[in-house]
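Open the model in your viewer and switch to a cartoon view.

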Amino acid sequence: MTTQVTVLGAGIVGICSALSLLERGHQVTLIDRDAPGQATSLGNAGVISPWSIIPQSMPGTWKKVPGWMLDPLGPVSVPVSYLPWVATWGLRFLANSREHRVREISAGMETLNRDCVTGFRNHLRGTGAEDLVEDSYYVHAYRDPNAASLDTLDNRIRLAAGAELDCVSGGELLEIEPDLSPDFKSAVIIKGQARARSPGRIGAVLAEKFQTMGGEIRRETLHSIAPNGDQWIYRTDAGEFNTPKLVLSMGAWSAKILKPLGIRLPLEAERGYHVTFTEPGIKLNNSVLDADNKFVASSMEDGVRAAGTAEFAGLDAPINEKRITGLIELAKRISPKLKTEARTTWSGQRPSFPDSLPAIGEIPGFPNLITAFGHSHYGLMQAPKTGQLVAELVSGARPNIDMNIYSPTRF
């Protein structure tokens, strides 16, 4: 049956949910204060990988975190003033580093990632922008010639899930990526994936497709939601509206919207940064992870983008220019030929739960409200499957997977 559905949040997860809902015959309105796909979803490394199924918290992570935080160029930053706020989240994060939990979480991630390349190509079909997703390897590059190994927990998990992996020497790596620094002496090559040539343009193209299919997009700022019998009221700067079905997909802002309803979730705003070198003088043939410095570089339509770092400072913290400067310094190490003078920068808030999994599903006591947020570093690649699951839940279908691992009440 056709139902009126309102999707709050027009990031890539919200856009894919809206498209999947339209495909099932629903009437869909998509609401966001920003242009679709141009906020947090714009700022990522463009990796679209079925094999990015390794959670952030791994065995031994607890030993590395202090060093990361003390290193001004390290991958994690937490201001001293914010440590009391993030401490409980951090303990939960570390509790998920035990191997049995890593394997459980990875299985949940693999379900969402498995068909991500096909999912995006299906959504882009007929738009004329199909080339925004191109086949790619994921190159995990190391400076230590002995560091690349398939006999590690993360790679054993990938291999068990069906990934095709190779280890290569420095010479072989330079044949694959001639512009990389010769300081890289080994790499793990993850095959069978793709990369986005412009994550922001993918969002814009899919939003335009959504409108041509009959969907409505409204640029409004959401203030609150509230149940109203078997429907929902949502209030924006344009007024108060009713909707039979509400999908909450507002990323890092989602927990703030739910809090007045008495729903408290351990969602942290994890600020990420990227720098795009618009006249780079080099080209990368694949997505490249500098495994030593924990950031990813990739050639895109507008240049070479370096993306990474995690800063926990709260939802409303100002941009930390030192993190951008540090990322530029790290990017210089990927290639002696990289030209860094002409560049653009970006910063945005990733929504992160301590187990690296999103919240997808209903909250008991709040019927007709579907959550779809908290995708951490994996939102781009998990968006198509999340959208399918949202459409099934709204339609009253029972997904053919165990949804408990994504339950918003699992905490």
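Contact, on this tour, means heavy atoms within 4.5 Å. The model is predicted, so local features need pLDDT of at least 70 and side-chain atom pairs count only at pLDDT 80 or more, while totals for chains, interfaces and linings use all residues. Residues are numbered from 1 along each chain as its sequence is written, and side-chain values use heavy atoms, leaving out hydrogens and water.

**Whole chain**

Select everything. The chain has 11 helices and 19 strands. Both are DSSP runs, numbered from the N terminus: helices are H or I with at least four residues, strands are E with at least two. The C-alpha trace spans about 65 × 50 × 40 Å along its principal axes.

**The six-stranded sheet**

Next, select β8, β2, β1, β12, β19 and β18. These 6 strands form an open sheet in that order, with mixed pairing. Two strands pair if DSSP finds at least two bridges between them. The edges are β8 (216-219) and β18 (359-363), each pairing on one side only. From one strand to the next, the twist averages 20°. Angles run from 0 to 180 degrees between N-to-C directions; axes are lines fitted to C-alpha atoms, for helices over the stretch in contact.

Zoom in on β12 (residues 245-248) and β19 (residues 366-373). They run parallel and are joined by 3 bridges. Within this pair, L246 has L369 of β19 as its bridge partner.

How do the axes of α1 and α11 cross? Helix α1 (residues 12-23) and helix α11 (residues 379-394) have axes that come within 7 Å and cross at roughly 40°. That angle makes α1 oblique to α11. Under 35 degrees counts as roughly parallel, over 145 as roughly antiparallel, 65 to 115 as roughly perpendicular, and the rest as oblique.

Show side chains. Contact residues of α1 include I12, V13 and C16, and those of α11 include L380, A383 and P384. By class, this contact has 10 nonpolar, 6 polar and no charged residues. Ala, Val, Leu, Ile, Met, Phe, Trp, Tyr, Cys and Pro count as nonpolar; Asp, Glu, Lys and Arg as charged; the others, Gly among them, as polar.

Select α4 (residues 99-113) and α6 (residues 153-161). They pack at about 40°, with axes 11 Å apart. The contact is made by E99, V102, R103, S106 and E110 of α4 with L153, I157 and A161 of α6. Its residues divide into 4 nonpolar, 1 polar and 3 charged.

**The three-stranded sheet**

Last stop: β9, β10 and β11. This open sheet of 3 strands has the order β9-β10-β11 and antiparallel pairing. Its edge strands are β9 and β11 (239-243). Strands β9 (residues 222-228) and β10 (residues 231-236) are joined by 6 bridges. L222 stands opposite T236 in β10, and T236 has G239 of β11 as bridge partner. Finish at the hairpin of β9 and β10, with 2 residues between the strands, where G229 takes a positive phi near 65°.
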